[in-house]
Amino acid sequence: MKFPFFASFIVFCLWLTYEIHKHRNMEQKTMDDFWEKELAANRTKRKPLDDLNYIQIPLDTFPMSVLSDNPVILECHEILTELSTEKIVNLTGISNTDLKLQYGAPNIKILSAYDQRYTTLARTLQTFGNELYENGYIDEARTVLEFAVSTHTDISSTYKLLCKIYKEQNQPQKINELLPIAKELNSGLKNSIVQMLMEECL
């Protein structure tokens, strides 16, 4: 009885050793591939940025005169006005390595600035829309939130509040129009946003 058990134990140990060795080799290959790609990216020369999807903030269509004495709204106005003079690009989900490969290593600093401005924009639009909604300006909130979605924001609360507005305005079918946008998000939050929208559509 002891021999079969001992033999099985030896086989298990050999299998475990093999799996550990294989896992380590895979990790090493992944690491080697990463550094090879990173080195190539760092050698990539500067390329034009003309094909980037620059975001224009439509201040003329935003409810800038509503609640202009509200401190939260006022801060949103100031941020949006300042951002409207800057270049903004949503680069969510794209690694610095891939950005350097596509646009050149010398452009990484400016691309990071573009993306950081987008992060500020998305957060500000959510705050702006939510504050308008909480104060009873539903149509105005919808305008702001719909623009945020058009920029492919991955802030789930933006989608959730917009769904709430559509239902309150007896337009639940509009939620279906958000799904294709959510499915195209280049974000780790895509699946949760899509799932939330699908549940709202039921």
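Is Y54 buried, exposed or partly exposed, and what is its relative accessible area? Y54 is partly exposed, with a relative accessible area of 26%; on this scale buried means under 20%, exposed over 50% and partly exposed in between, for a 1.4 Å probe and protein chains only.

The model is predicted, so local features need pLDDT of at least 70 and side-chain atom pairs pLDDT 80 or more, while totals for chains, interfaces and linings use all residues. Residues are numbered from 1 along each chain as its sequence is written, and side-chain values use heavy atoms, with hydrogens and water left out.

**Overall fold**

The protein chain contains eight helices and zero strands, in the order α-α-α-α-α-α-α-α along the sequence. Helices (H or I, at least four residues) and strands (E, at least two) are DSSP runs, numbered from the N terminus. Of its 202 residues, 35% count as buried. Among contacts between residues at least 6 apart in sequence, 71% join residues at least 24 apart; contact means heavy atoms within 4.5 Å.

Two helices are set out below with their spans from first C-alpha to last. The expected span is 1.5 Å times one less than the number of residues.

| Helix | Residues | Length | Span | Expected span |
|---|---|---|---|---|
| α4 | 108-134 | 27 residues | 39 Å | 39 Å |
| α6 | 156-168 | 13 residues | 19 Å | 18 Å |

The buried residues of α6 are T158, Y159, L161, L162, C163, I165 and Y166. An α-helix has 3.6 residues a turn, so residues three or four places apart point the same way.

**Two residues in the loop between α1 and α2**

Y54 is placed in the loop between α1 and α2. A polar atom of the Y54 side chain lies 3.0 Å from the backbone oxygen of L49. Leaving aside neighbours within four places in sequence, Y54 is in contact with L49, K87, I88, V89 and Y114. Its C-alpha atom is separated by 9.9 Å from that of Y118, which is 64 residues away along the chain.

N70 is found in the loop that joins α1 (2-42) to α2 (71-83). N70 counts as buried because its relative accessibility is 13%. Its side chain reaches the backbone nitrogen of V72 at 2.8 Å and makes a polar contact with the side chain of E131 at 3.1 Å. A polar contact is a pair of N or O atoms within 3.5 Å; within protein, one must be able to donate a hydrogen and the other to accept it, and residues adjacent in sequence count only if both atoms are side-chain atoms. Beyond its neighbours within four places in sequence, N70 is in contact with E131 and N135.

**The largest pocket**

The largest pocket has a volume of about 410 Å³. A pocket is an open set of points on a 1 Å grid over the protein atoms alone, where a 1.4 Å probe fits, with protein on both sides within 12 Å along at least five of seven lines; lining residues have an atom within 4 Å of a point. The volume is the space filled by probe spheres set on the points, which are joined across faces, edges and corners.

The lining has 21 residues, and N53, N90, L91, T151 and H152 lie nearest the centre. It divides into nine nonpolar, nine polar and three charged residues. Here Ala, Val, Leu, Ile, Met, Phe, Trp, Tyr, Cys and Pro count as nonpolar, Asp, Glu, Lys and Arg as charged, and the others, Gly among them, as polar. Helices α3 (96-103) and α5 (138-150) each supply at least two lining residues, and α3 gives the most, with three.
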